[in-house]
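Me: I would like to learn how to read the features of a model with care, one at a time. Could we begin with exposure at the surface and work inward?

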Amino acid sequence: MNNLNKLQQLTGISTEEIADALDVDVATVTSWQQEESMPTVAELEALVGIFSSQLDAKGITEQSQGHPIHIRLSLDYLMNLGITMSDWITLKWAFEGSWAGDKLAVGFFNGNKLVRVVESNADFVATFAGYLILQSEGEFEPYIDEFDDDKTYDWRLLRIQGDKFQDVTQKLIAGDLPEINL
């Protein structure tokens with residue numbers, strides 16, 4: 001399970017452009033997309049750099065806020081394992097500028113009821129110690145609140161619009177989580 005196809009959708013980079021940038025053939029990139037083979041470490045780093053620069057450029061054209069110091073995706077995000085603080089900043093930078101004031105957030109759900117929202121960088125660090133686990137062993141991990149009797153919550157990446165939200169998890173990560181709506 002990887003985010004290569006998702007990142008291509010988010011950045012608009014074609015398979016041919018990736019192959020050209022990495023000096024590999026299109027069939028090689030296609031095999032990565034279909035998870036038939038794995039890029040080398042050097043190729044993974046190059047992919048991260050390509051997508052990071054494209055998301056950075058997207059943010060520059062659409063953001064009204066100052067440029068963040070760190071704008072780089074992690075290998076964990078590319079491989080759909082987790083979201084680091086840097087990934088969080090990168091995704092917020094790339095998308096919030098085109099969302100007309102809406103914010104990227106993580107929502108915790110009990111059933112289909114939204115019970116908590118994490119939307120600031122400081123809250124992201126405090127809640128996840130800077131790292132939101134996406135999946136391990138092919139399954140998405142619930143959020144376990146160790147400070148509240150180990151309550152387990154379903155989580156989603158949300159586009160917050162005042163007191164309303166849109167589940168954008170499927171747009172930003174690979175997986176088959178059911179969408180949660182109001």
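Me: How should I read relative accessibility, and why does D23 count as exposed?

Reply: Buried means under 20% relative accessible area, exposed means over 50%, and partly exposed lies in between, with a 1.4 Å probe and protein chains only; the areas come from the Shrake-Rupley method, and for residues only the protein chains shown count as cover. D23 counts as exposed because its relative accessibility is 70%. The model is a predicted one, in which local features need pLDDT of at least 70 and side-chain atom pairs count only at pLDDT 80 or more, while totals for chains, interfaces and linings use all residues. Residues are numbered from 1 along each chain as its sequence is written, and side-chain values use heavy atoms, with hydrogens and water left out.

Me: Where does D23 lie, and which residues form the negative surface patch?

Reply: Helices (H or I, at least four residues) and strands (E, at least two) are DSSP runs numbered from the N terminus, and D23 lies in the loop between α2 (15-22) and α3 (26-33). A patch is made of residues with over 30% relative accessible area and no salt bridge, like charges being joined within 9 Å and nonpolar side chains (Val, Leu, Ile, Met, Phe, Trp, Tyr) within 5 Å. For charges, Lys and Arg count as positive and Asp and Glu as negative, whereas His and the chain ends are not counted; the place of a charge is taken as NZ of Lys, CZ of Arg, CG of Asp or CD of Glu. Here E16, E17, D20 and D23 form a negative surface patch.

Me: Is T15 buried or exposed, and what is T15 in contact with?

Reply: T15, which has its place in helix α2, is buried, with a relative accessible area of 14%. Contact means heavy atoms within 4.5 Å, and, once neighbours within four places in sequence are set aside, T15 is in contact with Q8, V26, V29, T30 and Q33.

Me: Which residues of α3 are buried, and what covers them?

Reply: In α3 the buried residues are V29, S31, W32 and Q33, and their cover includes α1, α2 and α4.

Me: How many salt bridges does the structure hold, and how should I read one of them?

Reply: A salt bridge is a side-chain nitrogen of Lys or Arg within 4 Å of a carboxyl oxygen of Asp or Glu, and the structure holds 7 of them. One of these joins R72 to E45, with the closest N and O atoms 2.8 Å apart. This pair links distant parts of the chain, R72 being in the loop between α4 (41-62) and α5 (75-78) and E45 in helix α4, 27 residues apart. R72 is partly exposed at 36% relative accessibility, and E45 is partly exposed with a relative accessible area of 36%.

Me: Which residue forms a salt bridge with D102, and which residues are joined into one network?

Reply: D102 forms a salt bridge with R159, the closest N and O atoms being 2.8 Å apart. Because D102 lies in the loop between α6 (85-95) and β2 (103-110) and R159 in strand β8 (residues 151-161), the pair ties together parts that are 57 residues apart in sequence. D102 is buried, with a relative accessible area of 13%. D167 and R156 also meet through their side chains in a salt bridge, at 3.5 Å from N to O, and both residues are buried. Salt bridges that share partners join D154, R156 and D167 into one network.

Me: What of K6, a buried residue that has no salt bridge?

Reply: K6 lies in helix α1, and the nearest side chain of opposite charge, E179, is 10 Å away. Leaving aside neighbours within four places in sequence, K6 is in contact with Q170, K171, L172, I173 and A174.

Me: Finally, which backbone angles deserve a second look?

Reply: Most residues other than glycine have a negative phi. N80, in the loop between α5 and β1 (82-84), has a positive phi of about 65° and is buried, with a relative accessible area of 0%. A100, in the loop between α6 and β2, has a positive phi near 50° but is exposed, at 73% relative accessible area.

Terms used: Areas by Shrake-Rupley, 256 points an atom, 1.4 Å probe, with all protein chains shown as cover.
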